[in-house]
Amino acid sequence: MVFTSINATLLCGFAVLIALCALLAAKVSREEKKHSFAQLRLEREQKKQKLKSLFCEESQLPNINYIQKRVLQINEVNESSHHIMHVVCVGRSSDYYRFFDSKTSRKIKTQLHNHLNEMLSPSVIGLFEDRYIVLVFVKNSPWLPEQIIEQQQKVQRALPYEQVVDDKLLPFDYSIASMSFPDTDIAKGKNYLFKKMAYCVKKSLKSIDGLYIYSNTDYQRSLRKRQILQDLSQDICQGGDQFELCYQLYLIA
């Protein structure tokens, strides 16, 4: 009888232990599921934010971060790739889209983006500052000057000079800035490359025909001029001790 009682007690103890283990396992499982769900949610949110950084907020078209990422991916696959970039400014003015509401602007950008992508099949296409259309073409040999001109003219011919938007026929004109660049430029960061690109756009907007091809001589001269003006401005603010007046012109009314 004593042994029977002990056995019953042990069995009850084991049953309680098993029940406690089952409860603990269920609790751990719930915690793991909860943690797993939170982790998945966090990963989804991080992925969403990462994708968001690659597209323009207004038009939802690829932006300059996307362009840089794609070019770097191309370089990883093909180390001998050579790039040429064309930057199209619609309306020959950086303020062109302010004449339209956001819906119309978005439609213009999207239609032009899709049209150029279909007509020219660039390696990469997207927007810079949500205003300028950027097209990148890649080949395995360096771009010769005549090839850059030919490529620029091809882009120019592909651009529509009128387009129907919301049942309205809108006329367009453009400027095109073109430049070839090595993979080392894009690897140095987007600011390094796109400072040159911004310079090219400015030059194309000022040109009579709206076309400009990057010249390193022009660019270095521009940087030198800017540096001189900055130094002069800084010196004037500090009292003007670093320069002297050499000549002054008097106008007699």
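This is a predicted model: local features need pLDDT of at least 70, side-chain atom pairs count only at pLDDT 80 or more; totals for chains, interfaces and linings use all residues.
The protein contains seven helices and seven strands. Along the sequence these elements follow the order α-α-β-α-β-β-α-β-β-β-α-α-β-α. Of the contacts between residues at least 6 apart in sequence, 65% join residues at least 24 apart. Buried residues account for 33% of the 253 residues. The accessible surface amounts to about 17,200 Å², and carbon and sulfur atoms contribute 57% of that area.

The largest nonpolar core has 26 residues, of which Val88, Val90, Leu116, Ile133 and Leu135 touch the most other members. Two or more residues of this core come from each of β1 (82-90), α3 (102-120), β2 (124-128), β3 (132-139), α4 (145-158) and β6 (174-181). The largest share, four residues, is supplied by α3. Apart from this core lies another, of 24 residues, which includes Val124, Tyr132, Met179 and Phe194.

The largest pocket has a volume of about 380 Å³. Two elements, α6 (190-206) and α7 (216-237), each give two or more residues to its lining. Among the lining residues are Lys195, Tyr199, Lys202, Lys203, Lys206, Tyr219, Lys225 and Arg226. By residue class, the lining of this pocket divides into six charged, five nonpolar and one polar; Ser222, Leu223 and Leu229 also belong to the lining.

Conventions:
Residues are numbered from 1 along each chain as its sequence is written. Side-chain values use heavy atoms; hydrogens and water are left out. Buried means under 20% relative accessible area, exposed over 50%, partly exposed in between (1.4 Å probe, protein chains only). Contact means heavy atoms within 4.5 Å. Accessible areas come from the Shrake-Rupley method with a 1.4 Å probe; for residues, only the protein chains shown count as cover. On a 1 Å grid over the protein atoms alone, a cavity is a set of points where a 1.4 Å probe fits but cannot get out, and a pocket is an open set with protein on both sides within 12 Å along at least five of seven lines; lining residues have an atom within 4 Å of a point. Grid points are joined across faces, edges and corners, and a volume is the space filled by probe spheres set on the points. Ala, Val, Leu, Ile, Met, Phe, Trp, Tyr, Cys and Pro count as nonpolar, Asp, Glu, Lys and Arg as charged, and the others, Gly among them, as polar. A nonpolar core is a set of buried Ala, Val, Leu, Ile, Met, Phe, Trp, Tyr and Cys residues joined through side-chain atoms within 4.5 Å.
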